[in-house]
Amino acid sequence: MKDDIRAPALFFAPFVSSAMRVEPQWIDYNGHLNMAYYHVLFDRAVDEVFSLVGLNQDYLETRHASCFTAECHVLYKRELTEGDQVRVTAQLIAFDDKRLHYYLEMRHAHEGWLAATSENLSLHVDMTSRKVTPFPPDILANLALMKASHSMMPLPATIGRIIGMPKRTAITVEGMTGERETETRH
């Protein structure tokens with residue numbers, strides 16, 4: 001019926017993904033989960049949480065827009081091995097009309113220990129022009145509901161962390177100036 005009113009999405013704080021299993025082909029020569037597959041597991045969980053706000057395959061096909069990851073910072077905390085089951089929690093840290101900033105934790109599904117974290121920035125993209133574009137009002141409304149649900153959670157300690165080594169322990173190479181490249185903005 002065209003007069004049906006869709007109930008607003010219900011967001012748990014944090015969102016918890018379905019259980020996922022470490023596959024045998026993902027184990028590297030070190031005998032643990034290869035770093036690339038942590039990203040696969042995080043990505044599968046992001047698909048679940050994005051679907052809750054309406055950003056799924058149907059959204060792509062009907063509205064010709066999607067989300068692209070612009071930045072990702074993963075911290076590997078503990079090894080995962082073949083057959084381990086994990087769940088990923090998601091916390092929406094911030095959003096604006098074109099961007100999502102969110103934090104993920106991957107935990108062993110049965111024992112609860114932390115395997116990895118991932119801080120991400122995603123951009124809303126018009127798939128026809130391949131340019132960043134604002135979210136439509138209904139998606140913004142869903143994001144606002146999710147953010148309200150997640151706003152009572154404390155901010156994770158690692159948000160905004162910068163990769164680096166303390167100067168007292170870093171080995172430097174003579175002749176390197178330490179100048180940085182100019183950053184490209186989206």
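This is a predicted model: local features need pLDDT of at least 70, side-chain atom pairs count only at pLDDT 80 or more; totals for chains, interfaces and linings use all residues.
Helix α1 covers residues 35-53. It has 19 residues and reaches 28 Å from its first C-alpha to its last, close to the 27 Å expected at 1.5 Å a residue. At the start of the helix, the backbone nitrogen of Ala36 has a side-chain oxygen of Asn34 within 2.9 Å.

One set of residues in α1 is buried: Tyr38, Leu41, Phe42, Ala45, Val46, Val49, Phe50 and Val53. An α-helix has 3.6 residues a turn, so residues three or four places apart point the same way. In soluble globular proteins, nonpolar side chains tend to be buried together. Here the largest nonpolar core has 35 residues. Its largest share, eight residues, is supplied by α1. At least two core residues come from each of α1, β3, β4 (85-95), β5 (99-108), β6 (114-126) and α3 (137-150). The residues with the most contacts inside the core are Leu41, Phe50, Leu55, Leu80, Leu100 and Met106.

Leu41 shows what such contacts look like. Apart from neighbours within four places in sequence, Leu41 is in contact with Met20, Val22, Trp26, Leu33, Val86, Val88 and Met106.

The structure holds three aromatic pairs. In one of them, the ring centres of Trp26 and Tyr37 lie 5.0 Å apart and the planes meet at 10°; because planes under 30 degrees apart count as stacked, this pair is stacked. The pair links distant parts of the chain, since Trp26 sits in the loop between β2 (20-21) and α1, while Tyr37 is in helix α1, eleven residues apart. Trp26 is buried, with a relative accessible area of 6%, whereas Tyr37 is partly exposed at 27%.

Tyr38 and Tyr76 form an edge-to-face pair, with 5.0 Å from centre to centre and 80° between the planes. Tyr38 belongs to helix α1 and Tyr76 to strand β3 (residues 65-76), so the pair ties together parts that are 38 residues apart in sequence. Tyr38 is buried, with a relative accessible area of 5%; Tyr76 is partly exposed, with 36%. A further ring, that of Trp113, has a charged residue over its face: Arg78, at 3.9 Å from the ring centre.

The last stop is helix α3, which holds both Ala144 and His150. Ala144 and Ala94 are 50 residues apart along the chain, and their C-alpha atoms are separated by 9.4 Å. For His150, a polar atom of the side chain lies 2.8 Å from the backbone oxygen of Phe12. Not counting residues up to four places away in sequence, His150 touches Phe12, Ala13, Pro14, Phe15, Ala90, Gln91 and Leu92.

Terms used: Residues are numbered from 1 along each chain as its sequence is written. Side-chain values use heavy atoms; hydrogens and water are left out. Rings of Phe, Tyr and Trp (its six-membered ring) pair if their centres lie within 6.5 Å; planes under 30 degrees apart count as stacked, over 60 as edge-to-face and the rest as tilted. Helices (H or I, at least four residues) and strands (E, at least two) are DSSP runs, numbered from the N terminus. Buried means under 20% relative accessible area, exposed over 50%, partly exposed in between (1.4 Å probe, protein chains only). A charge sits over a ring if NZ of Lys or CZ of Arg is within 6 Å of the ring centre and within 35 degrees of the ring normal. The expected span of a helix is 1.5 Å times one less than its number of residues. A polar contact is a pair of N or O atoms within 3.5 Å; within protein, one must be able to donate a hydrogen and the other to accept it, and residues adjacent in sequence count only if both atoms are side-chain atoms. A nonpolar core is a set of buried Ala, Val, Leu, Ile, Met, Phe, Trp, Tyr and Cys residues joined through side-chain atoms within 4.5 Å. Contact means heavy atoms within 4.5 Å.
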